[in-house]
Amino acid sequence: MKIGFIGLGIMGKPMAKNLVKAGYQLAVLDLNKASVEELKAMGAETASSSSELASRCEVIITMLPNSPQVKEVVLGENGVIEGAKPGTVVIDMSSIAPLASREIYAALAEKGVDLLDAPVSGGEPKAIDGTLAVMVGGKKEVFDKYYDIMKTMAASVVYVGESGAGNVAKLCNQVVVALNISAVSEALILAKKAGVDPDLVYQAIRGGLAGSTVMDAKAPMMMDRNFNPGFRIDLHIKDLNNVLETSHGVGVPLPLTAQVMEMMQAIKLDGCGVEDHSSLVKYYEKLANIEVTR
């Protein structure tokens, strides 16, 4: 089958490359011409619009920044909906608001097109090595049929429920990640200010109950001052906006998430929005007037 892939950013490009390497026939579309040419050199086809891409493919994967971009690409002028034939499946691997997923799902259903909302977690390193975690909402039979495609890009692909459920799961993921980064930042700042090597503290606690994937991924980045984005502060702010909008809609107070959101907003104003979300440590460094280094 031919797969269309729209969105060749930090995450999308390595994901698309993994599909090509696995032998899938791919057609790609992105505003970044250099990324398109990179995939073309690997054997992918190109398209001039989302509707053209959809007309040539059985499956369309989207990997875009947020709800407005997904709506525009799928439902807008020259969008996927204009070119997709009945029986086509859209797998939206972007992280967007659950309500937006359900709106897109309903609009596509009227044309006989199915949608899986299948956001991912793991950042650029796991996108590159094909070990992402994917959480999927939509029809179970559609999930089963296209599981192998998603598994090509991931170590874990889990069905979590009907349309929108995948994005709810991703929002829960982003809450845990944000609070985890905040907790790691606080702990390393405490160690440094108390005169203990934060790297030795990290080594001492990472094997116990405090240890986590987030700690192992982000603590070394903080101490090495390596804030090259695997996942940008700007994007985590976007996700937390969706978290809080959803939580308010269903009546769930999230006081810790709201606090971390304000911390991220503060360091964005310091020019850190394009940095990795591990740069949240800079918020604490400012408060404590100390820098976390090994």
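Let's start in the sheet: Val 59 stands opposite Val 89 of strand β5. Strands here are DSSP runs of E, at least two residues long, and helices are runs of H or I, at least four, numbered from the N terminus.

A word on the model. It is predicted, so local features need pLDDT of at least 70 and side-chain atom pairs count only at 80 or more, while totals for chains, interfaces and linings use all residues. Residues are numbered from 1 along each chain as its sequence is written, and side-chain values use heavy atoms, leaving out hydrogens and water.

Back to β5, residues 89-92. 4 bridges join β4 to β5, and the two run parallel. Strands pair if DSSP finds at least two bridges between them. On to β6, residues 114-117: 4 bridges again, again parallel. There, Val 89 has Asp 114 as its bridge partner. From β5 the chain passes through helix α6, residues 98-109, to β6, in a right-handed β-α-β crossover. Right-handed means that, with the strands pointing away from the viewer, the path from the first strand over the helix to the second runs clockwise.

Is β5 covered on one face or both? Both. Val 89 and Ile 91 are buried on one side, Val 90 and Asp 92 on the other. Buried means under 20% relative accessible area, exposed over 50%, partly exposed in between, with a 1.4 Å probe and protein chains only.

Next, Asn 66, in the loop between β4 and α4. Asn 66 is buried, at 18%. Its side chain makes a polar contact of 3.4 Å with that of Asn 242. A polar contact is a pair of N or O atoms within 3.5 Å; within protein, one must be able to donate a hydrogen and the other to accept it, and sequence neighbours count only if both atoms are side-chain atoms.
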